[in-house]
Amino acid sequence: MTIQYPAMPDQLTKSETEIIDYISANPREFLQGSIGDVGKKLGVSGTTLSRFARRVGCGDYKGLKRLVARQEEAAGPAAKLLAAQQGFTAERWLVRQQLCLQKTLEALDPAVFQQAVKSLLEAQRVFIHGKSASASLGQLLQFRLRRLGLPVSLLPSGGSELLEGLAQAGEGDLVVLFSFSKVSWEGRTILDYQKQAGYRTLAFTSRSYLPEDQRADINLFAYRGEAKEYHSMAAPAALLDALVVAVSEELGDQAVQRLSRLHQMKKAYRT
């Protein structure tokens, strides 16, 4: 979530930018931790945190916590949907999606994107995990990559079935996951088991700050809106399709041949 501060300085120091990103990405962790805990995690002093609280108009560190607590409580999904409906028109909504795409483009690191392409091409097998709203993105990615001939499969969404599927992944494999506003239990399991199994991980995320234990090997950022807004899937879907097209381009004639063979099979076995 993005916190709305009473007063935002025109210029921020590097430490202040990191504090803002941390609070936005981990509001509950921030609220539960002491000033010492937060300072240790960010590598700053308690004095720096107190000074930041005053700079953004909260008076002191306790005031900063009260501000974050109020906004965290008000940022539920129902409130986001209601906010999206205020003055809604299709035109305004599509313009909003243009903004999401623009912010995603501005944050795109070409080197990281190319890493993602390379990891898909070099993987012995690709496992994809998506749940809830992200399940549709997982299915889309599987569909696109399978048509190109890549060895790809969907992991079950959760429970013991997820563990049974994940147990098949090992060195040389790639596991793709979606961890936008937070990392689910399933996502944490995938990232943790990686240490034993040796597979690589690729995550689609909408957070600029990621704690060490929530980072995949490769992280692709997609902007989905601010904290109190309805979170769109337009930018993640566009980024996903860009990844598939880049993979297809790298495959070159192989991709064309595989798609042509699939087309001929459909013609031959049409019912």
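The model is predicted: local features need pLDDT of at least 70, side-chain atom pairs count only at pLDDT 80 or more, and totals for chains, interfaces and linings use all residues. Residues are numbered from 1 along each chain as its sequence is written, and side-chain values use heavy atoms, without hydrogens and water.

**Stop 1: the sheet.** Show the strands (DSSP E runs of at least two residues; helices are H or I runs of at least four; both numbered from the N terminus). Five of them form an open, parallel sheet in the order β2-β1-β3-β4-β5. Strands pair when DSSP finds at least two bridges between them. β2 and β5 (218–221) are the edges; each has a single partner strand, so one side of each lacks a neighbour in the sheet.

**Stop 2: β1.** Select residues 126–129. Val 126 and Ile 128 point one way, Phe 127 and His 129 the other, and all are buried (under 20% relative accessible area; exposed is over 50%, partly exposed in between; 1.4 Å probe, protein chains only). In a regular strand, side chains alternate between the two faces of the sheet.

**Stop 3: the partners.** 3 bridges join β1 to β2 (residues 152–154). Val 126 has Val 152 as its bridge partner there. On β3 (residues 174–178), which pairs with β1 over 4 bridges, Val 175 stands opposite Phe 127. Val 175 also faces Thr 201 in β4; β3 and β4 (residues 200–205) share 5 bridges.
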